[in-house]
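Trainee: I have just opened this one, and I would like to go through it slowly with you.

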Amino acid sequence: MDEVGRRFECEEYFVPEMLLSSRAMKASMEIVRPLLAATGAEPVGRVVIGTVKGDLHDIGKNLVASMLEGGGFEVIDLGADVAPERFIEAAATRNANLVALSALLTVTMPSMKTTIDAFQSAGLREKVKIMVGGAPVTQRYADAIGADGYSDSAGSAVALARKLVTA
Amino acid sequence: MTGKERILAKLRGESTDSLPLMPITMMFAADLAGVRYIDYARDYRVLADAQVAVADRFGLDYVSAISDPAREATDLGAAVEWFDDQPPAIVESRALLAEKSKLVTLRVPDPAAPGRMRDRVEAVRLLAERTGSTRIVEGWVEGPCAMSADLRGVNTLMLDFFDDAPFVEALFDYTVRMEVEFARAQVEAGATLIGVGDAAASLVGPKLYTRFVRPWEQRLIAAIRGFGVPVRLHICGNTKRIVEGMGQTGAEIIDLDFPTPLGHARRAMRETQVLLGNIDPVRALRDGTPASVEAALAECHEQAGAAYICGAGCEVPRGTPHANVEAMTQFARSRS
């Protein structure tokens, strides 16, 4: 998936090719995962991902989830339109160390802040790193809402995730 | 010149007293009018009031019936989630065409029948009555890729390109037949331009765009032009690798989102192709200043050349300072 990401970044691959690669990767992982587990190999990190409350646009999130899985992360994909409490519950019960929030619309971006604030209120903010992304999201916005990281593409999201979980 | 005269003169390649100004306003217009977006999207009278208000306030050369991509899908019975104050969204996990076999059972809906398509037709009719003598009245339809994604689910459609090409062709054929009828009804109600929004097309590369999408965009656009009105093709997202093909669709206006520099588009198209756009709606327009908005638009104009209409890459975002939109107006009025 690193190579797929590289081709996507330089516009040799596009979303259909990414999703096709993702499908092949997932099918392969079904075979490989038990073998990896038998060796005791640990994932690079455990990430809970979803689009925030009110946002049903999930294609960008799906690309990032595939890239993260291909990059060695265990991905807990909550889907689209995810309420803050669902992010919190999944992060707590699955012992995740990373949360990835996606939004495509300017009007749903505030749900990112609501979610981050909810982690604070639940006393879990220090246990997870939170990264954000999506077309209208900016580094400035990520900083303003207290996210730990921002990425503007699926490929760079993997590098960011690796950096965050090793920080 | 009136806004209508200005836009039509630009499309004919004639000189204008200033640049035409056609930014997309939806939530921004609803907020300006003090109405909830659910009412804007559901009631043509609310939409028309807000469109006239935003056009009056900022001197826009047109008004538009665009509101959300879910009108046709709603009338076909797709699952749609409504929100009080943001656009409705199609629920992909319950896509209408999750089963491909259902396509053959779908009929082309009648835009005159009660529903959300008729509500848009009525919006066009009211806008034409209220402001059509001096402003362009824009109707709106979904493009073949976007509409197919709405019905099939965008994630699934992207794989259908590889898995089942005949199905994709049949689906695009259906959507174009539907949108031709929707456009016809809007033109008959008084639309003097039709916008075609084909956002999902920016997700594919040049091979799939040329093979699947462009031929159906061409058919749709040719049919609409046959009704005697010009067409604006708007594709959100990064279209750098398909923009040359967009210039071959026959649309009078190619409306580009900010990731595609207008200079790049100009090099891929003839000098007379009118380009519209395309400052970054969030970073440059909403989060910028009047001075930075003017500078960004000057760069767009420089890159596009004379065949240029002033606008943002996509919708003017909710929360954009009025001074920044006024800067767009002042820029447009100061150039020709």
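Mentor: One definition first: helix axes are lines fitted to C-alpha atoms over the stretch in contact, and angles run from 0 to 180 degrees between N-to-C directions. This is a predicted model, in which local features need pLDDT of at least 70 and side-chain atom pairs count only at pLDDT 80 or more, while totals for chains, interfaces and linings use all residues. Residues are numbered from 1 along each chain as its sequence is written, chains are lettered from A and ligands numbered from 1 in the order in which they are written, and side-chain values use heavy atoms, leaving out hydrogens and water.

Trainee: OK, so at what angle do α6(B) and α9(B) pack?

Mentor: Helix α6 of chain B, residues 116-131, packs on α9(B) at an angle of about 30°, and the two axes are 9 Å apart. Helices here are DSSP runs of H or I with at least four residues, strands are runs of E with at least two, and both are numbered from the N terminus.

Trainee: Which residues meet there, in α6(B) and α9(B)?

Mentor: From α6(B) there are M117(B), R120(B), V121(B) and V124(B), and they are in contact (heavy atoms within 4.5 Å) with M178(B), F182(B), A185(B) and Q186(B) of α9(B). By class, that contact divides into 6 nonpolar residues, 1 polar and 1 charged.

Trainee: And how is α7(B) placed against α9(B), given their angle?

Mentor: Helix α7 of chain B (residues 144-152) and helix α9 of chain B (residues 165-188) pack at about 110°, with axes 9 Å apart. They are therefore roughly perpendicular to each other, a term used for angles of 65 to 115 degrees, whereas under 35 is roughly parallel, over 145 roughly antiparallel and the rest oblique. Among the residues that meet are M147(B) and L151(B) in α7(B), and F167(B) and L171(B) in α9(B).

Trainee: What about α8(B) and α9(B), what is the angle there?

Mentor: Their angle is about 125° and their axes are 6 Å apart, which makes α8(B) oblique to α9(B). The contact is made by L157(B), D160(B), F161(B) and D163(B) of α8(B) together with A165(B), F167(B), V168(B), L171(B) and F172(B) of α9(B). In terms of class, this contact has 7 nonpolar residues, no polar ones and 2 charged.

Trainee: Switching topic: how many residues does the contact take from chain B and chain A?

Mentor: Chain B gives 29 residues and chain A gives 25 residues. Between them the chains bury about 2100 Å², 60% of it on carbon and sulfur atoms, where buried area is the accessible area (1.4 Å probe) that two parts lose on being put together, summed over both.

Trainee: How many salt bridges go across?

Mentor: The rule, a side-chain nitrogen of Lys or Arg within 4 Å of a carboxyl oxygen of Asp or Glu, finds 2 salt bridges across the interface of chain B and chain A. One of them joins the side chains of K240(B) and E11(A) at 3.7 Å, N to O.

Trainee: Which elements of chain B touch chain A, then?

Mentor: On that side of chain B, β3 (89-90), α8 (154-163), α10 (206-226) and α13 (281-286) each supply at least two residues, and α8(B) gives the most, with 7 residues.

Technical notes
Ala, Val, Leu, Ile, Met, Phe, Trp, Tyr, Cys and Pro count as nonpolar, Asp, Glu, Lys and Arg as charged, and the others, Gly among them, as polar.
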